[in-house]
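Notebook open, structure on screen. I'm jotting down what I look up as I go.

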Amino acid sequence: MDAEHPIDDHPSCHFTIRHEGEESHLWLSGLWGSPHVELEREVPDGAIVEFACPHCRETLEASILCPSCEAPLLALRLTGGGAASICSRRGCPEHLLDLEGTTDLKNHLDSLTASGRPPGKPTLVLCAGTAGQASGANDVLRVAKRYILENGLHDRIELRITGCQGFCEMDPFVVIEPGRNLYPKIGMDDVGRIIDAALEGNVVEDLLYREPGEEKLYENKEEIPFFRDQVRTILGRNEDLDPLRISDYFRQGGYSSLAAVIERNDPEWIVDEVVKAGLRGWPATTGTARGRPTWSATPMREIPALSWTAPSSRGTPTWS
Ligand code: FES
């Protein structure tokens, strides 16, 4: 970390980078989710750079590829545990975070919740559920990413790829936030127009949704009769989540129960919470578990400490 080169009021992450035989310096914001970066020498959008240690100039090897653009993904160990990855392609916003080994989960969750996608920033939400992909959502995604990269728009618009939002017959469709404008059955040629309009706060009227046989345009997703007349529950928030971005899950409260459990470290409270939650056995078919709580009020510390040994063949498991 480079405290003498702060970005976002925090010490930045300092790297040496190599591009087309030239070596220069790069500083990334140390604030998770921040897109801010400073370069000693400009690198064109879409170019892939090699990262190296700024002190010993050893090349930092990348072992996996970016899920968005397939450039090498640089893995970084985090102080306090866990790992972060950043894409080596200039302009690709991909960040991955692995909290395995994190010693202070709650602090990580708090900082992730506070960072990430800035509220109000134009966002193109693309359904890439099964029907979406069958209808061309992956092609729409490729075109959108290319358009954003080629036009240097990565700081101005976000992409969020989601699971099925229920309106499969209108795939491939996108929703633009914050206006909630839904554009159904879009083609590749529509993508640039939609992004440009979103950046200007405008709407592409001729691409908006119409009910069959009607002239009325529906500007807002929630006004469309299909959505207006239903309340989505189990999958109701999946349009807010890109399943490849764990920070989206954090912002929806993901792992907050785990953080509370770790913070309180109180077995009686944990058991009490589980009992109060009324968790029950799988209902229709499992005999004695039917309709009855499957948890007993036994704090974890009273469970005998046994370790499991994998059975060498089918049959009775062995304990040691
Ligand atoms: S897969 Fe797109 S709405 Fe169902």
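Predicted model: local features only at pLDDT ≥ 70, side-chain atom pairs only at ≥ 80, totals over all residues.

**Entry 1: two helices crossing**

I started with how α3 passes α4, and the crossing is right-handed. Residues are numbered from 1 along each chain as its sequence is written.

Helices and strands here are DSSP runs numbered from the N terminus (helices are H or I with at least four residues, strands are E with at least two). Helix α3 covers residues 137–150 and helix α4 covers residues 190–200. The axes are lines fitted to C-alpha atoms, for helices over the stretch in contact, and the angles run from 0 to 180 degrees between N-to-C directions.

What do I call that arrangement of α3 and α4? It is oblique, because under 35 degrees counts as roughly parallel, over 145 as roughly antiparallel, 65 to 115 as roughly perpendicular, and the rest as oblique.

Next I looked up who meets whom. From α3 come Val140, Val143, Ala144 and Tyr147, and they meet Val191, Gly192 and Ile195 in α4. A contact means that two C-beta atoms, placed from the backbone, lie within 7 Å. By class, this contact has six nonpolar residues, one polar and no charged ones. The classes go like this: Ala, Val, Leu, Ile, Met, Phe, Trp, Tyr, Cys and Pro are nonpolar, Asp, Glu, Lys and Arg are charged, and the others, Gly among them, are polar.

**Entry 2: the cores**

Next up, the nonpolar cores. A nonpolar core is a set of buried Ala, Val, Leu, Ile, Met, Phe, Trp, Tyr and Cys residues joined through C-beta atoms within 7 Å. Buried means 20 or more other C-beta atoms within 10 Å of the residue's own, exposed means 12 or fewer, and partly exposed is in between, with C-beta atoms placed from the backbone.

The largest core has 29 residues, and Leu124, Leu126, Phe173, Val174, Ile186 and Ile194 touch the most other members. Two or more residues each come from β10 (123–127), α3, β12 (174–177), β13 (181–183) and α4. The largest share is from α3, with five residues. I also checked isoleucine 194: not counting residues up to four places away in sequence, it touches Val174, Ile176, Tyr183, Ile186, Val204 and Leu207. There is a second, separate core of 14 residues, including Leu26, Trp27, Cys69 and Cys92.

**Entry 3: glutamate 177 and its proline**

Glutamate 177 lies in strand β12. Is it buried or exposed? Buried, because glutamate 177 has 20 C-beta neighbours inside 10 Å. Leaving aside neighbours within four places in sequence, glutamate 177 is in contact with Pro122, Thr123 and Val125.

A cis peptide bond joins glutamate 177 to proline 178, with omega about 10 degrees. Proline 178 is in the loop between β12 and β13. I found another cis bond from aspartate 171 to proline 172, with omega near -5 degrees. Proline 172 sits in the loop between β11 (158–162) and β12.

**Entry 4: a buried lysine**

Lysine 221 is in the loop between α4 and α5 (225–228). Lysine 221 counts as buried because 23 other C-beta atoms are within 10 Å. Apart from neighbours within four places in sequence, lysine 221 is in contact with Val175, Arg180, Leu182 and Phe227.

**Entry 5: positive phi**

Which residue in the loop between β5 (50–52) and β6 (62–65) did I look up? Arginine 57. Its phi is near 65 degrees, a positive value in a residue other than glycine. Arginine 57 is exposed, with 10 other C-beta atoms within 10 Å.

Lysine 185, in the loop between β13 and α4, has a positive phi near 45 degrees. Lysine 185 is partly exposed, with 14 other C-beta atoms within 10 Å.

How values were computed. Left-handed = near helix turned anticlockwise from the far one by under 90°.
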